[in-house]
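Biologist: Could you take me through this structure, please? I have not looked at it before.

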Amino acid sequence: MGLFDDYHPLKGKMFQILKPDGTLHPIKEPPLSDQETFQLYQKILFIRLADQKALMLQRQGRMGTYAPIHGQEACQVGSAYVLQKGDWVFPAFRELGATWMRGVSLKTIYLYWMGYEEGSRAPEGINVMPVSIPVGTHPLHAVGVAWAAKLKGDRMVTVAYFGDGATSKGDFHEAMNLAGVFKTPTIFFCQNNQFAISVPRKIQTASETLAQKAIAYGFDGIQVDGNDLFAVYVATKEAVEKARSGGGPTLIEGVTFRFGPHTTADDPTKYRTEKEIEPWKPLDPLVRLRLYLKGKGLFSEEVEKRLIEEAQKEIDQVVIEAEAVPAPEVEDIFKFVFSEMTPQLKEQMEYLKGTLG
Amino acid sequence: MGVKKEFFIPLTLIVSPAFAEAPARRTRLWEVELRAGRRQGRGENIGRKELTMSKLNMVEAINLALREEMERDNQVIVLGEDVGREGGVFRVTDGLQDKFGVDRVVDTPLAESGIVGAAMGMALYGLRPIAEIQFDGFLYPCLDQITNHIGRMRNRSRGRFTCPLVIRVPYGGGIHAPEHHSESPEAILAHTPGIKVVIPSTPYEAKGLLFSSIRDPNPVVFLEPKRIYRAIREEVPEGDYTIPLGKARLVQEGKDVTLIAWGAMVREVLNAAEQLKNDKIDVEMIDLRTISPMDVETVVTSIRKTGRGVIVHEAPKTCGLGAEIIALINEKAFLSLQAPIERVTGFDIPVPLMKSEHYYLPNPKRIVMAVKKVMSF
């Protein structure tokens, strides 16, 4: 029996490999080598610090509204790590971790949140789509790309990231249904962080799990401990390999927690208490990995201090570079709307230029 | 002897032979249209037929365009409800699945937003999808994808990701259809940045404009005036020819007044123009072809010549394209005007069901009245 049979959502088991205390469930060998685990820990730490920095920049007026990822790092790092070069990633708006892992520079990511359209342009060869804000609308694109790749005979997969809230949207259901019918190599990765702004998961749907929604569409779903880097990695790897070899789509529900606000414009104290948040703190993906690495003799306070220093140095440098980017030209807002500017847009641009002294 | 038991039926069920006949043609236009299509599809095998017949109606012209383009470019893929096995409820895609297979002519689940969103994904990856939305009234679920993503992706990503796709939609009234099957949403689409909106008015136009739409690197919504799907037959060449987007058609030259229309209204305007000859009014007629981006130059040149204008559209009056055209003329040719420009339009109401539809649609009588008003200002 495979992973998706063992953890069929209606069996009520959540897939976990690394326990919150940093020890492994009985397993032949860890899914990631010590070196990989250490390096991924380093990356998660970097993402956490970059995320915190973005929050601070917004509070200082140096960045626009920002959606923090705090707590969801293992979901994004563990899944993104599986993908190959030709695979495409479709983020929602809380995927600093996944998009950075897939090759979008932190500078580009910061530029987006600072209000530069340039921040949505992934370099050639980096197949990461821009942020998609209308909730639940982008999994359709992931299905379409996967479908096209399948028709062309390319062995690639697409991953769409979204939250628990998105699973209530019509477009999400249309995407899942199309993926099931046409067996597209699409991974639907739901980061169930327990909240859609203030609306808790229990109100979002009467389904016991989000993973089981895949059953209705004729394919596998699996609920994993989203704060367990190893479980996320293994589940995604199985789903990706299945998709790549023609086995069709999978829905992965990563159970995690949004420690921060929905965005910097949100005040979560209005709808949740410290008491509700407390139980999730020991489940923090960073905490767990630290304990695991400690157990392997791969962690110490000095190591942590060094990793933090290096990360902060790099982040600070990125901020300097991002803030040095000049203001966009007037042409910028007109010239990318169509492949060639229409007469109307040319005229409107000239008019605007004329008003700018 | 004696009457058989079965002959005795309640009086209310006894119908006269006249009543039992098919009702008057007018009220069954909708179904006649569909049946005509089915007969055509089954009997004449549009798909496989050698084109000895050069006079095509719009359905046949579009079918031909799709066939030829799919032959020319194997990145083109057609998807939508009932487009494959049935060949489309209007038979526009008839025969295509037989020729190109189920992978390239795809029957999709019933999911308009899904069809269009998935088509966007296909376009992102390098295919040239042609998504069919079965009727105008069902385009609205797609507006989220069209407005929020399809029209924006090129701009959002600075050109890194683009959507070369076509969304084909039979649109417009005049076929006595049920509710939601007679919409004219072109103003909503024209108000949406990043997409082009194209409306053919004849079979020849349809093929040339469709080729251009498919080949355009930008997303195009191609609205097909279903009222005249079969009403006009004309010479439509085999092989490649394109009609450029963004360029209007001067249907006929005249010196007295400029009439501007598109889609099925072009035929109504031509009808009115014929009548106006009796009043010695010489009409210049423009078929816009591309609603957005509009060929403003052709319109302005004409208004500068005639000084008078009437715009005709089925869509509701308020905020229809008529208002936009008048604003543009105001900007560019105000001093040429001899009279305020008139609009002959639908009303700010849902298109009525068939018993009242004739109240709604602009017709030659209303067009003639508007022209005379403008001429006597």
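Predicted model: local features only at pLDDT ≥ 70, side-chain atom pairs only at ≥ 80, totals over all residues.

Biologist: How many bridges join S13(B) to S14(B)?

Modeller: There are 4 bridges between S13(B) and S14(B), and the two strands run parallel. Among the paired residues, Val312(B) has Val344(B) as its bridge partner in S14(B).

Biologist: Let us turn to helix H10 of chain B. Which of its residues are buried?

Modeller: The buried residues of H10(B) are Met265(B), Val266(B), Glu268(B), Val269(B), Ala272(B), Ala273(B) and Leu276(B). They lie on the same side of H10(B), because they cover an arc of only 155° around the axis.

Biologist: What does the face turned away from that buried side carry?

Modeller: That face of H10(B) carries the exposed residues Glu274(B) and Lys277(B).

Biologist: And what do the buried residues of H10(B) pack against?

Modeller: They pack against strands S9 (249-252), S10 (257-261), S11 (283-287) and S13 (309-313), and against helix H14 (364-375), of chain B. The S13(B) in that list is the strand that runs parallel to S14(B).

Biologist: What span should H10(B) have?

Modeller: With 13 residues (265-277) and 1.5 Å a residue, H10(B) should span 18 Å; its end C-alpha atoms are 19 Å apart, which agrees.

Biologist: How is chain B divided into domains?

Modeller: Chain B has domain 1 (28-235) and domain 2 (249-375). Their C-alpha centres lie 26 Å apart. In chain B, 24 residues of domain 1 are in contact with 24 residues of domain 2.

Biologist: Which elements give two or more residues to the domain 1 side?

Modeller: In chain B, they are helix H8 (186-190), strand S6 (196-198), helix H9 (203-215) and strand S7 (220-225). H8(B) provides the largest share, 4 residues. By class, this side of domain 1 has 11 nonpolar, 7 polar and 6 charged residues.

Biologist: Finally, how many residues of chain A are in contact with chain B?

Modeller: 33 residues of chain A are in contact with 34 residues of chain B. On the chain A side, helices H6 (139-152), H7 (170-182) and H15 (343-355) each give two or more residues, and the largest share, 10 residues, comes from H6(A). That side has 19 nonpolar, 9 polar and 5 charged residues.

Note on methods: Residues numbered from 1 in each chain as written. Chains lettered and ligands numbered in written order. Domains from an automatic or database assignment. Contact = placed C-beta atoms within 7 Å. Nonpolar A, V, L, I, M, F, W, Y, C, P; charged D, E, K, R; others polar. Expected span 1.5 Å × (residues − 1). Buried ≥ 20, exposed ≤ 12 C-beta atoms within 10 Å, placed from the backbone. Arc of directions from axis to C-beta. Pairing = 2+ DSSP bridges.
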